[in-house]
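Let's take a walk through this protein together. Have the sequence and the 3D view ready, and follow along as we go.

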Amino acid sequence: MHEKPKILIVDDKVENLIALEKTLADLDAECVRATSGNDALALILDNEFALALVDVQMPEMDGYETVELIHQNRGTENLLVIFVSAVWQDDYHLIKGIEAGAVDFIAKPIVPEILRGKVRAFLKLYEQRKKIIEAMEVKSQFLSAVSHELRTPLTAIKEGIRLVYSGVTGEINDEQKMFLEIAKRNVDRLARLINDVLDFQQLDANKMKFTMRENDINEVVSDISETMSSVAEAKGLRLVINLDKTLPIIHFDRDKILQVLTNLVNNAVKFTEKGTIAITTTRSENIIQVSIKDTGQGIKEDEVPKLFKEFGQLATGKERETGSTGLGLVISKEIVEKHNGRIWVESEYGQGATFIFILPIDERRVTH
Ligand SMILES: Nc1ncnc2c1ncn2[C@@H]1O[C@H](COP(=O)(O)OP(=O)(O)OP(=O)(O)O)[C@@H](O)[C@H]1O
Ligand SMILES: [Mg+2]
């Protein structure tokens with residue numbers, strides 16, 4: 001059954017609402033009245049609206065404030081807002097309206113043909129966006145289900161390998177051991193790939209859960225250096241840690257920031273053949289900064305913008321063959337940004353790369 005899209009009409013004067021309804025009567029949509037900003041806010045909680053036509057000048061709460069508050073609500077990402085106003089022609093109001101997130105203005109007094117034409121066009125846009133969002137939701141649920149389903153048998157395979165390798169099922173010879181080691185490495189790699197895809201889709205669908213607690217970034221860096229120094233040494237690389245001991249405790253999700261650091265240090269090791277990897281923490285003003293500097297191949301300037309994009313793995317990267325997803329930096333960026341932080345890279349090609357991320361010191365929580 002086709003459900004008519006709903007249009008929220010907000011105006012403190014009932015005669016204006018009636019005029020809007022009359023003008024839009026022929027369209028395949030249902031108008032829902034609100035006579036104040038608060039009225040509108042209450043209505044958007046229980047309804048899905050395609051479009052909101054909002055008067056600017058209203059007592060108590062004006063149209064701009066109303067729309068700002070509307071947009072702070074979950075589930076209104078898809079709502080298109082048009083201001084209906086006699087005052088929009090000057091730049092001041094135009095800017096305020098755009099800043100509040102409106103997609104258009106309709107001048108008062110209303111010209112019926114213009115109102116109908118614009119509303120018709122935006123309803124079409126809404127239907128298209130809705131279809132895309134629904135398709136994305138299906139994709140995301142599918143990805144999530146598949147990755148979950150892949151994890152379960154993988155755990156069983158891993159455990160099987162571990163048991164045989166440990167010798168409790170009977171003694172194994174060196175050749176068998178070697179093959180089991182290869183199997184284990186590949187199972188681990190597969191598990192990493194699946195985790196990457198799962199993380200990515202969770203972030204993409206805004207479904208990743210963050211546990212924000214008071215944490216010490218230096219402690220996380222020390223943790224990573226312990227696990228990574230042997231990996232670095234195995235490649236003949238030096239891992240140097242410089243910690244600013246005056247760093248304050250801040251709120252962040254320890255596991256997630258550990259994941260970011262793990263990826264950045266892993267990358268540094270992966271793309272560096274000789275020299276040093278230095279992890280440094282510093283503080284300035286109201287941010288904490290962590291940098292991972294390597295003396296590896298570096299990154300060409302024109303390739304930098306691709307790094308943090310989905311599947312932006314550089315074409316020449318040898319990791320293509322090793323089967324990584326190239327999602328590490330995308331995931332890292334999302335995680336850092338969910339902490340209201342920022343991440344970027346500075347590099348001179350051939351001289352190495354420095355990946356830097358900053359986290360705010362003031363206690364701000366993840367916004368969902
Ligand atoms: N320290 C670095 N030096 C040079 N190039 C780098 C460095 N870090 C990342 N890159 C480049 O950026 C690409 C993307 O990195 P990213 O961590 O997203 O993916 P990946 O390491 O290839 O795969 P994954 O992390 O998913 O296993 C890398 O493939 C590499 O080409
Ligand atoms: Mg990586």
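N263 and N267 both sit in helix α8 (residues 254-270), and because they are four residues apart, about one helical turn separates them. Keep in mind that this is a predicted model. So what do these two residues coordinate? They hold the magnesium ion (ligand 2), each through its OD1 atom, at 2.2 to 2.3 Å. Here is how accessible they are:

Take I279 as an example: leaving out residues up to four places away in sequence, I279 touches several others, including V221, I224, L261, V265 and I292.

Y64 brings us to helix α3 (residues 63-71), where G63, Y64, T66, V67 and I70 are buried. Viewed down the axis of α3, these buried residues fall within an arc of 160°, so they line one face of the helix. What do they pack against? The buried residues of α3 pack against α2 (37-46), β3 (49-55), β4 (80-85) and α4 (91-100). Now look at the start of α3: a side-chain oxygen of D62 comes to within 3.2 Å of the backbone nitrogen of Y64.

Terms used. Residues numbered from 1 in each chain as written. Chains lettered and ligands numbered in written order. Predicted model: local features only at pLDDT ≥ 70, side-chain atom pairs only at ≥ 80, totals over all residues. Heavy atoms only, no water. Donors = N, O, S within 2.8 Å, 3.2 Å for Na, K, Ca; no water. Helix = DSSP H or I, 4+ residues; strand = E, 2+ residues; numbered from the N terminus. Buried < 20%, exposed > 50% of the residue type's maximum accessible area, 1.4 Å probe, protein only. Arc of directions from axis to C-beta. Contact = heavy atoms within 4.5 Å. Polar contact = N/O pair within 3.5 Å; in protein donor to acceptor, adjacent residues only side chain to side chain.
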